[in-house]
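This report describes one protein model for a reader who has not seen it before. Please look at the sequence and the structure first.

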Amino acid sequence: MTLNVLNYSNPSWPYNKDNIVWKMIEEKTGVSFNVQLPSGKLDDALSVTIASGNLPDMMMTQDKKLADKYGQQGALVNILDYINDMPNLKKWMDKYPLDTQNTISSDGKMYMFPNAGIGETNRMIWMYRDDVFKKLGIAQPQTWDELYAALKKVKEAYPKSYPLSFRNGLQRLLNFAPSFGTGSDVYYDFDKKEWRYGPVEDNYKKMIEYLNKFYKDGLIPPDFLSADTKLWQDLMSTDRAFVTIDYIGRIDFFNSALRKDKPDFNLLFMGAPAGYAGGPAKNAYTQYLDEGFMVATSSKKIKEIMKFMDFFYSEEGRTLSSWGKEGVTYKTENGKKQFIEKYADVADMRKKTGLSTDGTYAWIDYDAHLSLSSPELQKAYQEAPKYDSKQQPRPAFTSSEMEVLSLTGDTIMKKRDENISKFIVGERSLDDWPKYVADMKALGVDKIVDIYKKAYDRSSKK
């Protein structure tokens, strides 16, 4: 069987019809792909394709909201209608209930196949220059008070540095907030079993007080709000920044490149410091990916597609998607799988084999990627889960709820970011915090929280 498929081609590991993964999938399932690739953005290609009415059998999306939108318009199949014919997916859903719930739309249907495993690439952690900390006799900080003291000591040794540096400005508050027992936006409090809005809470204020202190003492860059990837990388690679928070893979990114000229350069995993004594030492749960295939209602092969996709939720399908074929792409020694060919890194493996590229997986064994990582990165992956906060629910919203979130939510977000920026850089006194909270509530914070509560309750029942 040949399926017409709108797929995606990642610039770092572009689609290649000659990659061995496609041959292995066809050999195992009997299915081949006739692939169409977007000339521009995938979202735009989907919009044009749906509007044309001439849909391929399957379409890739990287935005679950689009699956919900087009599904409720009648263009996409409700996968749950066929769940009794998909024993592997049914078993997978029992194993990953929250991932399943996060794939359900507001009408209780599933318009996109869920995935798990590959999201580990999005894990974000604290990292620090172990070589510099050892030279200065600084221990890994366990709290933000200790973090402040450590950064001050580094600043004394490197006066032109900004010891704590990160990119994308206020986006990193998402990563800091869990250590203060709060959230950077609307979040679900698992202990109190309720939805809350973090940026008006007292613990959120504690976090902002620290950042204000860091800013005044030159421990973070003066232009941190606008720091992009290039500026951040420049700081990290020239002894002007020594602590950061970013994707876990940055350990190998920096170490591999910089050790050529600086053999002692050693960026390592750092445990999340607790925001206050006795507080949680947690990282935000970022290791998920909203990406998957959708099936067109106009397809003549819907039942066959469901049988095909069900394979990828089996252990056999997971192994094929992650490692390939034993004796061809991987071997097993002492009970552990390892790739036969020596790849420079994960990107090299994906590019040369097509494994774990778009359209070839639904469930990934991340050990395949880890096998190509340095000992430092593998150690980070062992330690990082100890600091995981719980994965936040991502409830689906109705069109009317989306409208409120778009209008009222955007107004709240802009006002929040404007004021939080001023609090951090000292343009507004933190004595004004109660006034800020009152203003935020007047804009409709409670209304937004209530929408999340209703959407979550609805999806939980369905």
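β10 and β11 form a hairpin with two residues between them, and N334 in its turn has a positive phi of about 55°. Strand β10 (residues 330–333) and strand β11 (residues 336–339) run antiparallel and are joined by four bridges. Within this pair, E333 stands opposite K336 in β11. Helices (H or I, at least four residues) and strands (E, at least two) are DSSP runs numbered from the N terminus, and two strands pair if DSSP finds at least two bridges between them.

The model is predicted: local features need pLDDT of at least 70, side-chain atom pairs count only at pLDDT 80 or more, and totals for chains, interfaces and linings use all residues. Residues are numbered from 1 along each chain as its sequence is written, and side-chain values use heavy atoms, with hydrogens and water left out.

**The open sheet**

Three strands form an open sheet in the order β7-β4-β8, with antiparallel pairing. Its edge strands, β7 (243–247) and β8 (267–270), each pair on one side only. From one strand to the next, the twist averages 45°. Strand β4 (residues 124–129) pairs with β8 in the antiparallel sense over four bridges, and R129 stands opposite L267 in β8.

Helix α11 (residues 250–258) lies across β4, β7 and β8, running at about 160° to β8. Axes here are lines fitted to C-alpha atoms, for helices over the stretch in contact, and angles run from 0 to 180 degrees between N-to-C directions.

The loop between α11 and β8 holds N266, and D264 lies in the loop between α11 and β8 as well. Residues are called buried under 20% relative accessible area, exposed over 50%, and partly exposed in between (1.4 Å probe, protein chains only). N266 is in contact with Y128, R129, D130, D131, N255, R259 and E376, leaving aside neighbours within four places in sequence; contact means heavy atoms within 4.5 Å. D264 and N102 are 162 residues apart along the chain, and their C-alpha atoms are separated by 43 Å.

In helix α17 (residues 399–425) is the place of M402. Not counting residues up to four places away in sequence, M402 touches K65 and F397. M402 and E27 are 375 residues apart in sequence and 43 Å apart in space, C-alpha to C-alpha. The table gives the accessibility of three residues discussed above.

| Residue | Relative accessible area | Class |
|---|---|---|
| N266 | 16% | buried |
| M402 | 33% | partly exposed |
| D264 | 63% | exposed |

**The cores**

A nonpolar core is a set of buried Ala, Val, Leu, Ile, Met, Phe, Trp, Tyr and Cys residues joined through side-chain atoms within 4.5 Å. The largest has 60 residues, and those with the most contacts inside it are F33, M59, L89, F113, M306 and M309. Helix α12 (residues 302–310) gives the largest share of this core, five residues. Apart from it lies another core, of 58 residues, with I138, W195, I208 and L211 among them.

M59 touches residues including L6, L46, I50, L76 and F293, not counting those up to four places away in sequence. In α12, the buried residues are I302, I305, M306, F308, M309 and D310. Their cover includes β1 (2–6), α1 (20–29), β2 (32–36), β3 (58–61), α4 (87–95) and β9 (292–295).

**Pockets and cavities**

On a 1 Å grid over the protein atoms alone, a cavity is a set of points where a 1.4 Å probe fits but cannot get out, and a pocket is an open set with protein on both sides within 12 Å along at least five of seven lines; lining residues have an atom within 4 Å of a point. Grid points are joined across faces, edges and corners, and a volume is the space filled by probe spheres set on the points.

The second largest pocket has a volume of about 1000 Å³. It is lined by 35 residues, of which W13, T121, G249, V346 and R350 are the closest to its centre. Two or more lining residues come from each of α11, α14 (346–353), α15 (367–370) and α16 (375–383). Helix α11 provides the largest share of that lining, four residues.

A search of the whole structure finds two cavities of 30 Å³ or more. The largest cavity has a volume of about 80 Å³. Its lining includes M60, F113, P114, F293, M309 and Y361.
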